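Have the sequence and the model open as you read.

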Amino acid sequence: MQLDWFPLWLSLRVALVATVLATFAGLAIAYLLANREFRGKEALDAAITLPLVLPPTVLGYYLLILLGRESTLGRMYEWVFGSPLVFTATAATVAATLHIAPLLVKSARAALESVDHTYERAARTLGADEWRVFHSVTLPLAGRPILAAVALAFARALGDFGVTLMVAGNIPGRTQTVALAIYDAVESGRGETARQLVIAVSLMALVILWVANRLSPSTRRVTG
Amino acid sequence: MIQARIRQHYAPSPESAAFTLDLQFETAAGVTVLFGPSGAGKTLTLDVMAGFAQPAEGRISVAGHVWFDAAQQIHLPPRDRHCGYVFQNYALFPHRTLRQNLEFAAERLPRLERHRRVNDMIEAFRLTDLAGRMPHELSGGQKQRASIARALLAAPVLLLLDEPAQGLDPALRQDLYFLLRQVRAEFATPIMLVTHDLDECFELGDQMLVLDRGRLLQQGTPRQVIDQPSSLDVAELLALYNLLPVEIRTLDPSRKESMVRFGDFDLHGPYFPGRLRGDRVTLYIRPELLTATPRDGKPAANQVPVTLERAVERARTVRLEFSEGLAAVCDPRTYERHKHNKEWVVEFPASYLRVL
């Protein structure tokens, strides 16, 4: 039997887009949290952390309410794009994005705050504006832990099950991601399919972990 | 011309006690040294000048430009002050080569000048062979030269240095002093420098501001400050003097003489203008000016008998510490001859006695 690789490609696509979206949004929010003082700052931090501690099905449930065909956002989406958002690959991407965003915000905030502020101060005395301070001093100095967090977030997005199932469903050939496909294969007794997908996902996870560990500053590699 | 009036209260926090920075000074070109003990507010003053900290009250103007004015709500951000800052840890960007560090500072110069200016500075600060290295591949002295070059690259109107000699060995210190004197001569940029080393004040300082607990205690040339500390606080901070409680016994303006009582002894001194008979004052005199000799018979005029408690041998001199809190300095050969002698006399040169 020819193995259907679609779930794997879908998962990769969803995880990639979600990681890119969550990285940009996460960096922006982390920058605000690390550099600005405003009311409700810690409340914002808590709200962003929530998806990290909620059971995925609970997050999925909230998203269904927030984005469903009856909701304001859902109706706006339908009005703009002509079709509902829920139970599509796009919904899976949104779900994955929200699922991994807290991880990125948390790590990026910690990484940005760990940069020695004298470098940023030096850059300012040398005439750099805040954007230049951020992209040519803070970000490069915080870069490795942030990249490590990006790699881990990608892995997490790749393996999401609960949130995706809730908002995107389990439609083979449309929204069935790799985690769902494996579950489906085991349920319906297609052991060979499950095995091959499991091996493929495990290998990918190993590679990602290796990359993340190499980037992570806590890893002490002996050099000479 | 630099004019600053700064007032800011810092509430106590878990890491630090309450602190009030409250000072006013005016200084011109050349090197102004901020001298004081740790916690005097020296670095904070630099940070306020650079624009990292905003005081509640005051006004700062440099070369005719107002950088800060609380009344008019002016507070220029650091990047608009054109103020070079050499940090204690040098703050060279660790992910850029030395040349790229300098290029970072060159970006506000016209495009065509950048390359030439960076090359000029690299050459002027003897960094040519090091330009391609990363900061972690440089020694402390090299990092410092690079850091000063970077700070001066965009021709700042004021150069700030935070304890530049900290952590440098004596030879590198001499290099640094030489370099800074060159900078003073060639760049015409006024320099403000933080130190708690008195010798550094003399090496470099045209003006010296003595700070303690957020206040300015005295301003003057280093020579003026050590010859005439303005208060007991300054004298204690400089830690250069014997400070002795005395009472003025006689004052004779016509013969320019006086007599003070120190313990059981009368000492002749010069006339002290503005003082009255019976005033209890503090006499200050540097240990180098006292002559210590082994006791031999009755003490002569202006000699005080003392007991040797401790001798501290230094490279060139020996510091003798006596009872009554007196210290004197003698040469190692004299000390060697009389090292077992406990009873000494210390002679006070009448014309060098000063009181606070």
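## Ground rules

Axes here are lines fitted to C-alpha atoms, for helices over the stretch in contact, and angles run from 0 to 180 degrees between N-to-C directions. Helices are DSSP runs (H or I, at least four residues), numbered from the N terminus.

This is a predicted model, where local features need pLDDT of at least 70, side-chain atom pairs count only at pLDDT 80 or more, and totals for chains, interfaces and linings use all residues. Residues are numbered from 1 along each chain as its sequence is written, and chains are lettered from A and ligands numbered from 1 in the order in which they are written.

In chain A, helix H5 (residues 89–114) and helix H7 (residues 130–158) have axes that come within 9 Å and cross at roughly 155 degrees. H5(A) and H7(A) are therefore roughly antiparallel (an angle over 145 degrees).

Contact (C-beta atoms, placed from the backbone, within 7 Å) involves residues including A:Leu103 and A:Ala111 of H5(A) and A:Ile146 and A:Arg156 of H7(A). The contact of H5(A) with H7(A) splits into 15 nonpolar, four polar and one charged. Nonpolar means Ala, Val, Leu, Ile, Met, Phe, Trp, Tyr, Cys and Pro, charged means Asp, Glu, Lys and Arg, and the others, Gly among them, are polar.

## H7 against H10

H7(A) also packs with helix H10 (residues 191–215) of chain A, at about 165 degrees and with axes 8 Å apart. That makes H7(A) roughly antiparallel to H10(A).

Among the residues that meet are A:Leu147 and A:Phe154 in H7(A) and A:Met204 and A:Ile208 in H10(A). By class, the contact of H7(A) with H10(A) has 13 nonpolar, no polar and one charged residues.

Terms used: Helix = DSSP H or I, 4+ residues; strand = E, 2+ residues; numbered from the N terminus. Parallel < 35°, antiparallel > 145°, perpendicular 65-115°, else oblique. Contact = placed C-beta atoms within 7 Å.
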